[in-house]
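Take a moment with the sequence and the 3D view before reading on. The tour below goes step by step.

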Amino acid sequence: MKCKVFIDKNHEEEVVIYSHQRNSLVEQIESLVNSQEIEITGYKEQETVKLDLSEIFCFICENNKVYAITEKEKYKIKLRLYQLEEKLPQNFVKLNQSCIGNVKKIQRFNASFGGSLSVEFKNGYKDYVSRRQLKIVKERFGF
C-alpha cells in the first residue's frame with residue numbers, strides 16, 4: 001500500500017483511500033480520521049470537559065438524559081443518542097435503545113440460556129444487547 005501526503009493550506013483537508021477490499025487497516029484509518037472530527041463536550045456539576053473518544057467506554061441514556069461513561073467518571077452530554085450514532089466512528093456499536101458501546105472497551109460477552117447476550121466493559125459497567133441489535137453485534141464480532 002502506498003501513502004502520499006500533500007501539504008496545501010489552500011485545499012480542504014481530506015483523506016482518500018484506494019483499496020482492493022475493506023480490511024482492518026482501512027477501518028483503523030477511517031476510525032482515526034473520524035475520531036479527529038468529532039468533539040464531545042461533557043458536563044459534570046460546574047465542570048465542562050472536552051472528552052476524547054478513545055477514553056469513552058459507552059454512551060447511555062438514563063431519565064431522558066445522555067451520559068458518557070469513562071473509566072471512573074460519568075459526564076452529561078447535550079446530544080441525543082441518535083445524533084451520536086450518526087457521528088461516531090466504526091468502533092462504536094449500538095447495543096440497545098439506550099446504549100452505544102465502544103468496541104475497544106468491551107471486556108466480554110455473556111450468553112444466557114434464553115438467548116440473551118449481556119456485555120461487560122473493562123470498567124465494570126454492564127448492559128445487554130437487545131434482540132433487535134443482536135444480529136449486527138454478532139456480525140461485528142464474528143460470532
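Start with a pair of charged side chains. Glu-73 and Lys-44 meet in a salt bridge, with 2.0 Å from N to O. Keep in mind that this is a predicted model. Where do Glu-73 and Lys-44 lie? Glu-73 sits in the loop between β4 and β5, while Lys-44 belongs to strand β1, so the pair ties together parts that are 29 residues apart in sequence. Glu-73 is partly exposed, at a relative accessible area of 29%. Lys-44 is partly exposed as well, at 28%.

Side chains of opposite charge can pair when their charged atoms come close. A search of the whole structure turns up five salt bridges. One of them joins Glu-62 and Lys-74, at 2.7 Å from N to O. Glu-62 lies in strand β3, residues 58–62, and Lys-74 lies in strand β5, so this pair ties together parts that are twelve residues apart in sequence. Glu-62 has 31% relative accessibility and counts as partly exposed. Lys-74 is partly exposed too, with a relative accessible area of 35%. Glu-85 and Lys-94 also form a salt bridge. Their closest N and O atoms are 3.9 Å apart. Glu-85 is partly exposed, at 41%.

Now follow strand β5, which spans residues 74–77. In a regular strand the side chains alternate between the two faces of the sheet. Which residues of β5 are on the covered face, and which on the uncovered one? Tyr-75 and Ile-77 make up the covered face. Lys-74 and Lys-76 make up the uncovered face.

Strand β5 has partners. Strand β4, residues 65–69, runs antiparallel to β5 and is joined to it by four bridges. Ala-68 stands opposite Tyr-75 there. Four residues lie between β4 and β5, and the two strands form a hairpin. Strand β1, residues 40–44, also runs antiparallel to β5, joined by two bridges. Here Gly-42 stands opposite Ile-77.

Most residues other than glycine have a negative phi, and most peptide bonds are trans. Asn-63 has a positive phi of about 55° although it is not a glycine. Asn-64 has a positive phi too, of about 60°. Are these side-by-side entries buried or exposed? Asn-63 is exposed, with a relative accessible area of 73%. Asn-64 is exposed, at 64%.

Glu-120 is part of strand β9, residues 117–121. Its relative accessibility is 14%, and Glu-120 counts as buried. What does Glu-120 touch, leaving aside residues up to four places away in sequence? The contacts are Ile-106, Gln-107, Arg-108, Asn-110, Tyr-125 and Lys-126.

Finish with the empty space. Rolling a probe the size of a water molecule over the atoms shows where empty space is left. The largest pocket holds about 1200 Å³. Its lining counts 23 residues. Lys-4, Val-5, Glu-14, Val-15 and Val-16 lie nearest the centre of this pocket. How many lining residues are nonpolar, polar or charged? Twelve are nonpolar, four are polar and seven are charged.

Terms used:
Residues are numbered from 1 along each chain as its sequence is written. This is a predicted model: local features need pLDDT of at least 70, side-chain atom pairs count only at pLDDT 80 or more; totals for chains, interfaces and linings use all residues. Side-chain values use heavy atoms; hydrogens and water are left out. On a 1 Å grid over the protein atoms alone, a cavity is a set of points where a 1.4 Å probe fits but cannot get out, and a pocket is an open set with protein on both sides within 12 Å along at least five of seven lines; lining residues have an atom within 4 Å of a point. Grid points are joined across faces, edges and corners, and a volume is the space filled by probe spheres set on the points. Ala, Val, Leu, Ile, Met, Phe, Trp, Tyr, Cys and Pro count as nonpolar, Asp, Glu, Lys and Arg as charged, and the others, Gly among them, as polar. Buried means under 20% relative accessible area, exposed over 50%, partly exposed in between (1.4 Å probe, protein chains only). Two strands pair if DSSP finds at least two bridges between them. A salt bridge is a side-chain nitrogen of Lys or Arg within 4 Å of a carboxyl oxygen of Asp or Glu. Contact means heavy atoms within 4.5 Å.
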